[in-house]
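Please go through the model below with this report at hand.

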Amino acid sequence: MRCRTVKCRDVIRELSEYLDGELDATLAEDLRRHLQDCEDCGIVVDTTRKTIEMYCNMEPAPLPKDVKRRLQRALERKLRLKG
Amino acid sequence: MPTHLDNENVLVAEARAGNAESFATLINQYDRHIYRLALNITGNQEDAEDVLQETFLKAYSNLGRFQGDSRFYTWLVRIAVNEALMKLRKRRGASWVSLDEPVETNDRSLTPREIEDWADNPEQSYAKAELQDILNYAVEKMEPQFRTVFMLRDVEEFSTEETAKMLGLSVPAVKSRLLRARLKLRERLNKYFKRGRR
């Protein structure tokens, strides 16, 4: 059975794949064990997860009205040319 | 990624046959997503508006080429990303940083500088519009090669492989940029969300 000691720099290097659940199961377990003992790494993992979640949940603002109006005009011109 | 319309395939077929109303329905569903993506890649409102218009005009002209082997939205995003990258290259000229330029792989560059815990639901400390401004500003301040990958992977939720294909990058290059982007954003957001900030 493989047993390795995970260092803080390993956590940072593997952070993305760990958060995405794409890390090899054994390495993920080693990381989890490190996180139980290392408060700083725990904070980095947790705050990075929150960062991703906030962006993922962010709804785009409605299109500004003037931008929408100009888009509609551009398409109308295109349709007239095509028609 | 936006919610997809149940009758999307029907709307695309109708638009292809010349039905302008069906195409308008598709536009209404996706325009703000395309605009946000364009704004976050180009970092410029004027360019983002051009990208938005070009994306839908090109999509309309090329509807016949849309094979339906991907989502219509994925196809739109591909067009938008190409247009946005062209704008970026044009505006930046000599100072353009190529997306496929190797990034610093030294582990030290990844070491977090600020380590402070955040509130449990940090987003609740701000009003919706204020939160959006904070998040958008943090992305804008990143270099294009990082913010482009981040937008496609974490905001639009495309897979690493899809992102790599859209940007003409290798999968390891996408992963490397995504890690750096996430760490940079975490660091930038720290001052807004750290515990006791509000």
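## A loop residue in chain B

B:Glu157 sits in the loop between helix H6 (144-155) and helix H7 (160-167) of chain B. Helices here are DSSP runs (H or I, at least four residues), strands are runs of E (at least two), and both are numbered from the N terminus. Phi of B:Glu157 is near 60°, a positive value in a residue other than glycine. Is B:Glu157 buried or exposed? B:Glu157 counts as exposed because it has 11 C-beta neighbours inside 10 Å. The cut-offs work on C-beta atoms placed from the backbone: 20 or more others within 10 Å make a residue buried, 12 or fewer make it exposed, and values in between make it partly exposed.

This is a predicted model, in which local features need pLDDT of at least 70, side-chain atom pairs count only at pLDDT 80 or more, and totals for chains, interfaces and linings use all residues. Residues are numbered from 1 along each chain as its sequence is written, while chains are lettered from A and ligands numbered from 1 in the order in which they are written.

## Chain B overall

Chain B has eight helices and zero strands. From the N terminus on, its elements read α-α-α-α-α-α-α-α. Of its 198 residues, 41% count as buried. Take the contacts in chain B between residues at least 6 apart in sequence: 70% of them join residues at least 24 apart. A contact means that two C-beta atoms, placed from the backbone, lie within 7 Å.

## Two domains in chain B

Chain B splits into domain 1 (8-94) and domain 2 (107-193). The bounds come from an automatic or database domain assignment. The C-alpha centres of the two domains lie 23 Å apart. Eight residues of domain 1 of chain B are in contact with eight residues of domain 2 of chain B.

Which helix gives the most to the side of domain 1 of chain B that touches domain 2 of chain B? H4(B) does, with four residues. By class, that side of domain 1 has five nonpolar, two polar and one charged residues. Ala, Val, Leu, Ile, Met, Phe, Trp, Tyr, Cys and Pro count as nonpolar; Asp, Glu, Lys and Arg count as charged; the others, Gly among them, count as polar.

## Helix packing in chain A

Helix H1 (residues 8-19) and helix H2 (residues 25-37) of chain A pack at an angle of about 120°, with axes 11 Å apart. H1(A) and H2(A) are therefore oblique to each other. The contact uses A:Val11, A:Glu14 and A:Tyr18 of H1(A), and A:Leu27, A:Ala28, A:Leu31 and A:His34 of H2(A). By class, this contact has five nonpolar, one polar and one charged residues.

A:Val45 belongs to helix H3 of chain A. A:Val45 is buried, because 21 other C-beta atoms lie within 10 Å. Not counting residues up to four places away in sequence, A:Val45 touches A:Val11, A:Leu15 and A:Leu35. A:Val45 and A:Leu75 are 30 residues apart in sequence and 46 Å apart in space, C-alpha to C-alpha.

## Where chain A meets chain B

How many residues of chain A are in contact with chain B? The count is 28 residues of chain A, against 34 residues of chain B. H1, helix H3 (39-56) and helix H4 (65-82) of chain A each give two or more residues to the side that touches chain B. H3(A) gives the most, with 11 residues. By class, this side of chain A has 18 nonpolar, four polar and six charged residues.

Key
Axes are lines fitted to C-alpha atoms, for helices over the stretch in contact, and angles run from 0 to 180 degrees between N-to-C directions. Angles under 35 degrees count as roughly parallel, over 145 as roughly antiparallel, 65 to 115 as roughly perpendicular and the rest as oblique.
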